[in-house]
Amino acid sequence: MIYLDYNATTPLDKEVLEAMLPYLEDVYGNPSSTYAFARKSRKAIDEARQKAASFLGAEPDEIIFTSGGTESDNTAIKGVSFARLPKKGSIITSSIEHHAVLNSVKSLEKFGFECKYLNVDEFGLIDLGRLKDYLGPDTILVSVMYANNEVGTIEPVKDIVRLCRDKGIYVHTDAAQAAGKIKIDVKELDVDFLSLSAHKLYGPKGVGVLYAKRGVKFEPLLHGGRHEKNRRASTENVAGIVGLGKALEIARSRMDDEERNIRILRDKLQNGILERIPEVKLNGHPDKRLYNTLNVCIKYIEGEGMLTHLDFEGVCASSGSACTSGSLEPSHVLLAMGIPHELAHGSLRFSLGKYNTESEIDRVLEIFPPIVEKLRSMSPFWNGK
Amino acid sequence: MDLEYTNKVLEYFKNPRNMGKIDDADGIGKVGNPVCGDVMWIYIKVKNNKIIDCKFQTFGCVAAVATSSIMTEIVKGKTIDGALNISNKNVVKELGGLPDIKMHCSLLAEEGIKKAIEDYRSKSKT
């Protein structure tokens, strides 16, 4: 199998698994209990919190462990809004967010909040000018992703913060794709909330972080015990949190080497596809883009067919076609970038990671062009160009 | 992928029968819309009220390719009336089933052959 879908999820790093195992076996004490045995679990969480804080340049008490990126996004967006009630306000996000953000924001319309969606340009960059126009006295939160999961475009989060800072407007960024790939320092970035997920950076599924800057006000999503300083009730997912801490520690120490290697492979795949296959459109920003992500539209054919042929050959990738999203609409990200429907149906995303090798890329470059040729020979729009 | 296709669907997708166009077709049915992601062109050759050849070109997903391909096989050798009696249910049955979200592909194949026959009839009148 050749796995080229690291933006969907990553395999668990063996070192992470090793770190987690004791907490799935012998060290089962409830971290909230008082005896020495349970304090082992508590200590493991404290250490993971320290690692997460170091990873982000945050203070340990600014780290809240959650069940993943989706919960972190929901907590920040709904939490800030609900803390305002009975007052309402307006929330601004971009049209290319992950659905965890987009649908959280949308849900607030039902509660009387006003929601505004920022357009993006052809490269997927948000319109800062439009953001300036949207910001008003009733704006309470701006939520824009750090890097887009489908096309990899990196958004100007720092510029967004600059526009919001003196107005007292909170800024949240969904860094699920950026974390582990780009160095993030929340102090330098100066955001109020940041979400990340363990399974996107070789950690386990079902655990994530919400960074919440000291002093920010938000209503918790989960009410119950006094866990996470009353900000997220539920007995801690100890093994998951330990795994997350380890994954962040590894990512922090090896990010530079990984970037170099992965970028070389991604560029090789990108250039190989553009050279070997005619009529291909590269999606996302040419430079301001995650170094592991390659998103292309292969004109005149449809994505699910390509994915299925790749799957026959043991290659895992993804597409923004309607058929693969389980809806009738192709990717909202590609459409927001102004890509026509028929082209968006033929989109394909390869996202690379630290376990990919050059021979895997060679193999994909060998099998993929004939797949495109075969499907194009079937297409009424191709006509043997 | 969250879609489960039958082996027969995958087989027809992998090795589609009757793929291509008929240059001197007696009728062509062009159905679907690229905006929705599925377009089928069905070509027929008719002799003595019988469909003696049928081919397809398809832009679309796995199910779109498989349904259009098997439709060409089903109608080949049938009379015009016999072909008009073929419904999407026959296509789905032949393929051993289709995921619910893909049923529209089988309807498109039915519509395609009907359009091709309509085209043939309108041409043969003149």
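In what order do the three strands of the open sheet in chain B lie? The order is β1-β2-β3, and the pairing is antiparallel, where two strands count as paired if DSSP finds at least two bridges between them.

This is a predicted model, in which local features need pLDDT of at least 70 and side-chain atom pairs count only at pLDDT 80 or more, while totals for chains, interfaces and linings use all residues. Residues are numbered from 1 along each chain as its sequence is written, and chains are lettered from A and ligands numbered from 1 in the order in which they are written.

**The sheet of chain B**
- The edge strands, each pairing on one side only, are β1 (27-33) and β3 (50-59) of chain B (strands are DSSP runs of E with at least two residues, helices runs of H or I with at least four, numbered from the N terminus).
- From one strand to the next the twist averages 15°, with angles running from 0 to 180 degrees between N-to-C directions of axes fitted to C-alpha atoms, for helices over the stretch in contact.
- Seven bridges join β1(B) to strand β2 (residues 38-47) of chain B in the antiparallel sense, and Gly32(B) has Val39(B) in β2(B) as its bridge partner.
- Helix α2 (residues 62-75) of chain B packs on the sheet, where it touches β2 and β3 of chain B, and its direction makes about 175° with that of β3(B).

**The contact between chains A and B**
- Chain A gives 22 residues to the contact and chain B gives 20 residues (contact means C-beta atoms, placed from the backbone, within 7 Å).
- On the side of chain A that touches chain B, α10 (303-312), α11 (322-325) and α13 (341-344) of chain A each give two or more residues, and the largest share, five residues, comes from α10(A).

How values were computed
Two residues are in contact if their C-beta atoms, placed from the backbone, lie within 7 Å.
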